[in-house]
Amino acid sequence: MVEEAAESADHRVRMWTPVGQAVALLLGPYAEVVLHDPDTDRILAIWNPMGSRSPGDPSLLGELDALDPSARDVFGPYEKVLADGRRLSSVSAVLRDPHGKATAVLCVNLDRTPLEQAAAVLSAFGAPTAPPPEPLFEQDWNERVQHIVGGYVRECGRPVERLTRADRLAVLARLDEAKVFAVRRATPVVAAALRVSRSTLYGLLAELRAPGTKDHTP
């Protein structure tokens, strides 16, 4: 094999083969690892190739002479696109000798297709597209309490424990409008959802229902 001949003839391939094999085994079959020769612009070795490239083929890396030896030698992740439309996330590392000369470039190309497909499936499962059927939930006042309190928390961006008095009054106004307090056992459920005592909740309700209060509640 060409790759075996290159491995036996080039110390760089012998040195970096364990790394290339390890990365290819960890990420395979969705990643290829390529070791390039910056002097000849040729591929030294390739593990888990995604196409027809093989050792000895052109690398098409371009000139590396302009790279500063003290500069950052790891580039990416950046995007590549294969001819079949697959998108890759790629990382390249410039490998230098003790004198700072670039002796090889190691590239890892990860096929993002399975990740994008998995993300699309998870997004479809986690994103409801229709409102809940009202006849099924109109009597579920416990669910309504959680929905109203949770909705307000998401809007204001503060956890329940950090809601201000004005925040709690605003939430209670929404709950009152939804007729939650018409249910006899609603008070302890609301108090638990807001993380307050029942006595505190009764005080807030009295304040909310005082003349003129609702006119100023957001």
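In this predicted model, helix 2 carries a kink of about 45 degrees at T17, shortly before the proline P18. The helix, residues 11-27, has 17 residues and reaches 25 Å from its first C-alpha to its last, close to the 24 Å expected at 1.5 Å a residue. At its N-terminal end, helix 2 is capped by D10, of which a side-chain oxygen lies 2.8 Å from the backbone nitrogen of R12. R12 is itself buried, as are V13, T17, G20 and A24 of helix 2. An α-helix has 3.6 residues a turn, so residues three or four places apart point the same way.

Seen as a whole, the protein chain comes to 8 helices and 5 strands, and along the sequence these follow the pattern α-α-β-β-β-β-β-α-α-α-α-α-α. Of its 218 residues, 35% are buried. Among contacts with a separation of 6 or more, 43% are accounted for by residues 24 or more positions apart.

The largest nonpolar core has 27 residues, of which V145, V149, L172, L175, V190, L194 and L201 touch the most other members.

| Helix | Residues | Residues supplied to the core |
|---|---|---|
| Helix 5 | 141-156 | at least two |
| Helix 6 | 165-177 | at least two |
| Helix 7 | 186-194 | at least two |
| Helix 8 | 198-208 | at least two |

Leaving aside neighbours within four places in sequence, V145 is in contact with L175, V180, V189, V190 and A193. A second, separate core of 12 residues includes L44, A93, L106 and V108.

D73 is found in the loop between strand 2 (42-47) and strand 3 (74-81), and its side chain makes a polar contact of 2.7 Å with the side chain of R96. D73 counts as buried because its relative accessible area is 18%, under the 20% cut-off.

C107 is buried, with a relative accessible area of 3%, whereas C156 is partly exposed because its relative accessible area of 22% falls between the limits of 20% and 50%. The count of disulfides comes to 0.

Notes. Residues numbered from 1 in each chain as written. Predicted model: local features only at pLDDT ≥ 70, side-chain atom pairs only at ≥ 80, totals over all residues. Heavy atoms only, no water. Disulfide = S-S within 2.5 Å. Buried < 20%, exposed > 50% of the residue type's maximum accessible area, 1.4 Å probe, protein only. Helix = DSSP H or I, 4+ residues; strand = E, 2+ residues; numbered from the N terminus. Polar contact = N/O pair within 3.5 Å; in protein donor to acceptor, adjacent residues only side chain to side chain. Core = buried A, V, L, I, M, F, W, Y, C linked by side-chain atoms within 4.5 Å. Contact = heavy atoms within 4.5 Å. Expected span 1.5 Å × (residues − 1). Bend = angle between axes of the 7 residues up to and from the residue.
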